[in-house]
Amino acid sequence: MVDLISQYQDIKSEVDAAMQEVVASAQFIKGPRVAAFETNLANYLGAKHVIGCANGTDALQVALMALDLQAGDEVIVPSFTYVATAEVIALLGLKPIMIDVELDSFNVNGDLVAAAITEKTKAIVPVHLFGQSTDMQPIMDLAKGLKIPVIEDNAQAIGAVYNGHQKAGTIGDIGCTSFFPSKNLGCYGDGGAIFTNSEELDAKIRMIANHGQSRRYYHDSIGVNSRLDALQAVVLDIKLKRLDQYNAARQKAAAYYDAAFKNIATLQIPFQAKHSTHVFHQYTLRVKNGRRDALQTFLKERGIPTGIYYPVPLYRQKAYQHYFDQNQGLPNTEVLCQEVLSLPMHSELDKELLDYIAGSVVDFFKA
Ligand SMILES: *Cc1c(COP(=O)(O)O)cnc(C)c1O
């Protein structure tokens, strides 16, 4: 699904030298390299503050902790997302309110969010799934009117541009991302970051991520230990310079797939929203007429890996069932879990590979 080895070969000398320097300096935790990356990412995003942390799940958890919510408060979250988004809500004793997504964009929208708002709603967490920003403006208008904070889960859409000028993840009160190796901006281990334009939230988030201390050994609140290390920061700095180029390579591969599949009636190619560019963390097809699993098996026999993100709606997962009336279902989420199939997608796909993958998909529908 991804080719991190070829990508490394391309930047090897730069990465090796930077990592050597960190090792020689023995400054592994915090320090100038982490601070430099935070500044560089803030500049790239056009966000005032970036706080590095240990992974994307922690980013979401710390962001929620910064909002001072009370046990039982409701947090609106899409039902069609990676588990981490809902997991941290439940972990903090809050109540995840899982809502449906659009069939075409796979994201929530203002109307779906509005329908789920109650007096207990204390946060909204849209997810920019597969690389395309949610349409944030209607959600922000709604949230501002009700004074409900918005946290963007931007783990899959770093570099996507919303409404022509804003980077995904910088529109809500807090944005979160993951640097898991296979993400569009991935490090060589675990890493994550939190973005905000609020000075107050920046200070609070830094404190929470550092054991709730404002100065050493003085703990003002209960926090966690979540930090990005210097070895990851130098790798991320090197890859950040190339992020737009990597995303462009993904877009080029996606355009190649699109052209190959556009006349296959059983397939729906990824939707291109007007409000956001798409950075294709995943290239996800909808395979209709119940043929998804057969296509996956066919491709597997040809040595082509595929992924099903996600096979089960969050509210049907054992751990989250009790938050949702099991006699109900969310129609679009149910359909998507049956139909989605993601093809290999990364910055190193060449024409030969694309031809083989796309040709195999076309062969399946000819047979
Ligand atoms: C990857 C991901 C996360 C979690 O990031 P980790 O770094 O793996 O903890 C959260 N939300 C979404 C949508 C993701 O894709």
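**The sheet, cavities and pockets of a predicted model**

Q: In what order do the strands of the open sheet of 3 strands lie, and which are its edge strands?

A: The order is β12-β13-β14, with antiparallel pairing. The edge strands are β12 (267-268) and β14 (340-343), since each pairs on one side only. The structure is a predicted model, in which local features need pLDDT of at least 70, side-chain atom pairs count only at pLDDT 80 or more, and totals for chains, interfaces and linings use all residues. Residues are numbered from 1 along each chain as its sequence is written, and side-chain values use heavy atoms, with hydrogens and water left out.

Q: How do you know that β13 and β14 count as a pair?

A: Two strands pair if DSSP finds at least two bridges between them. Strand β13 (residues 283-287) and β14 have 4 bridges in the antiparallel sense, so they meet this requirement. Tyr283 stands opposite Leu343 in β14.

Q: What makes α11 a helix, and where does it lie?

A: Helices are DSSP runs of H or I with at least four residues, whereas strands are runs of E with at least two, and both are numbered from the N terminus. Helix α11 covers residues 331-339 and lies across β13 and β14. Its direction is at about 100° to β13, on a scale from 0 to 180 degrees between N-to-C directions of axes fitted to C-alpha atoms, for helices over the stretch in contact (heavy atoms within 4.5 Å).

Q: What makes a space a cavity and not a pocket?

A: On a 1 Å grid over the protein atoms alone, a cavity is a set of points where a 1.4 Å probe fits but cannot get out, while a pocket is an open set with protein on both sides within 12 Å along at least five of seven lines. The search of the whole structure finds 3 cavities of 30 Å³ or more.

Q: Why is the largest cavity said to lie between two domains?

A: Domain 1 (4-240) and domain 2 (243-366) both give residues to its lining, so the largest cavity lies between them. Lining residues have an atom within 4 Å of a point, and domain bounds come from an automatic or database domain assignment. There are 14 lining residues, with Leu4, Gln7, Arg250, His346 and Ser347 nearest the centre of the largest cavity. At least two come from each of α1 (4-25) and α9 (243-261).

Q: How many lining residues of the largest pocket are called nonpolar, and what makes them so?

A: Ala, Val, Leu, Ile, Met, Phe, Trp, Tyr, Cys and Pro count as nonpolar, Asp, Glu, Lys and Arg as charged, and the others, Gly among them, as polar. By these classes, the lining of the largest pocket has 13 nonpolar, 12 polar and 4 charged residues. The largest pocket has a volume of about 510 Å³. Tyr82, Gln156, Phe180, Lys183 and His281 lie nearest its centre.

Q: Which element gives the largest share of the lining of the second largest pocket?

A: The largest share, 4 residues, comes from α2. Both α2 (31-45) and β1 (49-53) supply at least two residues of this lining. The second largest pocket holds about 210 Å³ of space.

Definitions and conventions: Grid points are joined across faces, edges and corners, and a volume is the space filled by probe spheres set on the points.
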